[in-house]
Amino acid sequence: MSASPLLQAALQDTTERLAAELRQPTTTAPDWSPWQWRIAMATAFLHGLSAQLAERLHWQGPADWQAFLAEQAWQGRLREQAIADLLARIDTAARAQGLALIGLKGSALLPLRVHAPGHRPMGDIDLLCDAGQADAADRLIQGLGYTRHIEMWKHVDYLPPAMPAEPAFGEHAGNAIRIELHTTVAERLPVRRLDITADLWRTGLAAGLQPYPSLAALMRHLLLHSAGNLSNRALRLVQLIDLARLAPRLQAADWEQALAPGSDGLPAWWAWPSLELARRHAGADLQLATQTAAWQAARAACPARLRAMAERETLTAVSLSRLAIQPLPGIEWTHSLGEAWACARQRLWPDARSRATLQQQVQGQASLRGVAWVARAPWRKALRFLRGAPPRVQTLYAVQRALDHRPVLHKAA
């Protein structure tokens with residue numbers, strides 16, 4: 001099956017319109033068909049926007065759309081409370097065991113109130129510990145009833161005591177809250193490894209769940225994480241909104257720290273595309289950042305094709321709203337012909353560990369289980385492109401769930 005032009009058009013229309021509504025709300029609802037409104041539900045889910053749309057929109061759509069937004073806003077608040085409760089349990093256990101942990105990304109944004117309550121979806125809790133304390137952190141997490149699942153190159157994944165076979169569509173308090181344990185914070189972009197662990201971890205941290213050492217360190221990590229998703233054309237608008245909401249809290253010195261040279265010895269070329277996309281698609285005010293030497297150096301060090309992508313591409317093109325699979329995602333992130341070849345080789349001939357990790361991921365993600373495409377050999381996937389680009393599994397899964405979804409509202413007691 002090839003990617004449907006009709007579905008791609010609907011994904012693009014709903015993605016760009018909903019993103020525009022968050023930047024600058026209008027008073028007129030889109031003239032979409034019932035099917036397109038369902039695609040809009042999938043888009044809101046893929047980009048983590050549902051609760052924000054429920055509050056931000058100045059118009060009303062059909063009854064099922066309105067019910068969906070109300071349901072998601074309610075479930076988002078319930079899930080956020082469940083995550084806050086779990087973070088409190090982790091903090092208590094870590095203090096009792098004399099173990100220092102840093103709550104990463106969403107766990108750090110939550111107490112800062114960067115978003116309104118329930119507005120920022122979190123699929124899991126990311127924790128950073130000192131490499132020498134990994135066994136102690138493992139015991140702590142398993143002591144909470146979690147089961148060690150997959151050991152990936154950048155984290156260990158843990159599953160909660162009870163996991164529904166099929167998660168509810170969108171945000172839901174009953175959906176699993178996974179935990180990911182990191183001893184390093186790094187990304188492959190796509191073959192060059194960027195490690196910022198030294199910018200986040202401080203020796204002598206007190207026991208318990210600790211914040212980042214600074215807002216600049218938090219911004220640096222959000223930028224690196226969004227770069228990892230962007231290199232796979234899997235960015236979510238909520239990631240850009242994170243950057244836009246945090247940016248006004250940084251001073252010029254913070255930007256110099258957030259955009260300091262990376263572990264590859266170059267200026268933070270990998271951070272610039274996400275900031276440019278946040279400016280264009282999330283209305284980020286980056287005037288202060290652009291006045292720093294670090295910003296200019298990061299932009300200059302960014303590969304020309306990557307810089308052009310950030311300056312021109314639609315949100316659809318760089319996200320899961322892009323239905324068609326790219327044969328070589330990330331190629332524009334390479335700095336040389338040698339890196340480009342390494343990127344292609346990695347995609348076409350992944351090593352044994354990468355293949356084994358993929359199979360474990362398939363078993364742990366409802367959107368991937370039972371999908372023949374995921375299990376195919378890389379060379380067979382490459383040949384498939386001769387008949388047209390196939391559709392992305394995660395995108396089709398979201399669309400199918402949206403088409404089948406029947407919103408259920410839960411009233412507060």
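Visitor: Is Phe45 buried, exposed or partly exposed?

Guide: This is a predicted model, in which local features need pLDDT of at least 70 and side-chain atom pairs count only at pLDDT 80 or more, while totals for chains, interfaces and linings use all residues. Residues are numbered from 1 along each chain as its sequence is written, and side-chain values use heavy atoms, with hydrogens and water left out. Buried means under 20% relative accessible area, exposed over 50% and partly exposed in between, with a 1.4 Å probe and protein chains only. Phe45 has a relative accessibility of 27%, so this residue counts as partly exposed.

Visitor: How are the planes of Phe45 and Phe169 arranged in their pair?

Guide: Rings of Phe, Tyr and Trp (its six-membered ring) pair if their centres lie within 6.5 Å, and planes under 30 degrees apart count as stacked, over 60 as edge-to-face and the rest as tilted. The centres of Phe45 and Phe169 are 5.1 Å apart and their planes stand at 50 degrees, so the pair is tilted.

Visitor: Is Phe169 buried or exposed?

Guide: The relative accessibility of Phe169 is 5%. Phe169 therefore counts as buried.

Visitor: What is the arrangement of the rings of Trp65 and Phe68?

Guide: Trp65, at 0% relative accessibility, counts as buried, and Phe68 is buried with a relative accessible area of 0%. Their ring centres lie 6.1 Å apart with the planes at 35 degrees, so this pair is tilted.

Visitor: Which residues form one aromatic cluster?

Guide: Phe45 and Phe169 form a pair, as do Trp65 and Phe68. The one cluster is formed by Trp32, Trp37, Phe45, Trp59, Trp65, Phe68 and Phe169.
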